[in-house]
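Please keep the sequence and the model in view while reading.

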Amino acid sequence: MSSHQDELDDLERSRTARKFDKAARKAEKQAQLSVDDLKPEAFTRQPGPRDFQGRSWLDTDDVMDGESTFTPPNPSIGNVRKSTMLFVALLMIGVGALTVSILIPALSAWLGTVGGVMTLIGAAGMFFQHKGHTETRTDAFDDGARV
């Protein structure tokens, strides 16, 4: 370095070196990063997990209610035959009489016999009145599902 010092000094004082130093100082003063260098996404907020606007599996009830044409059932029992009501009443009274006959030993012979007969008559009457699936079918595609 010492043997070439005069050449280096000449280079330092040259017009090109001064232009380079001036340009370097000017570049240092300028902003290192320009707005034009950045993409537009840098200025907008990126959506995060809490910004999700779609539907979640937690909203299943709302989704099903909103997009479905399902109408909840409003069942009515309709007319009940008197014979069916009689057999159901006999069955319930018979079971009640059998229960009381177990709890009260003094009346067990009389209540047990009457309760057993009533239970058998009620159950047999309901069994024989029952219509099978083939008799209650409304059309060929009716699979028997009822609400």
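## Basis of the model

This is a predicted model, in which local features need pLDDT of at least 70 and side-chain atom pairs count only at pLDDT 80 or more, whereas totals for chains, interfaces and linings use all residues. Residues are numbered from 1 along each chain as its sequence is written, and side-chain values use heavy atoms, with hydrogens and water left out.

## Overall form

The chain has six helices and zero strands, where helices (H or I, at least four residues) and strands (E, at least two) are DSSP runs numbered from the N terminus. Its radius of gyration is 48 Å, well over the 15 Å that the globule rule gives for 147 residues, so the chain is more spread out than a compact globule; the radius is taken over C-alpha atoms, and the rule is 2.2 Å times the number of residues to the power 0.38. Along the principal axes, the C-alpha atoms fill a box of roughly 140 × 45 × 25 Å.

Of the contacts in the chain with a separation of 6 or more, 51% are accounted for by residues 24 or more positions apart, a contact being heavy atoms within 4.5 Å.

Thr60 belongs to helix α3, which covers residues 60-67, and is partly exposed, with a relative accessible area of 40%. The C-alpha atom of Thr60 is separated by 59 Å from that of Ala109, 49 residues apart along the chain.

Ser101 lies in helix α4 (residues 82-103) and counts as buried, at 9% relative accessibility. Apart from neighbours within four places in sequence, Ser101 is in contact with Ser108, Leu111 and Gly112.

## The aromatic pair

The structure holds one aromatic pair, where rings of Phe, Tyr and Trp (its six-membered ring) pair if their centres lie within 6.5 Å, and planes under 30 degrees apart count as stacked, over 60 as edge-to-face and the rest as tilted. The ring centres of Phe127 and Phe128 are 5.5 Å apart and their planes stand at 70 degrees, so the pair is edge-to-face. Phe127 is exposed, with a relative accessible area of 63%, and Phe128 is exposed as well, at 67%.

Note on methods. Buried means under 20% relative accessible area, exposed over 50%, partly exposed in between (1.4 Å probe, protein chains only).
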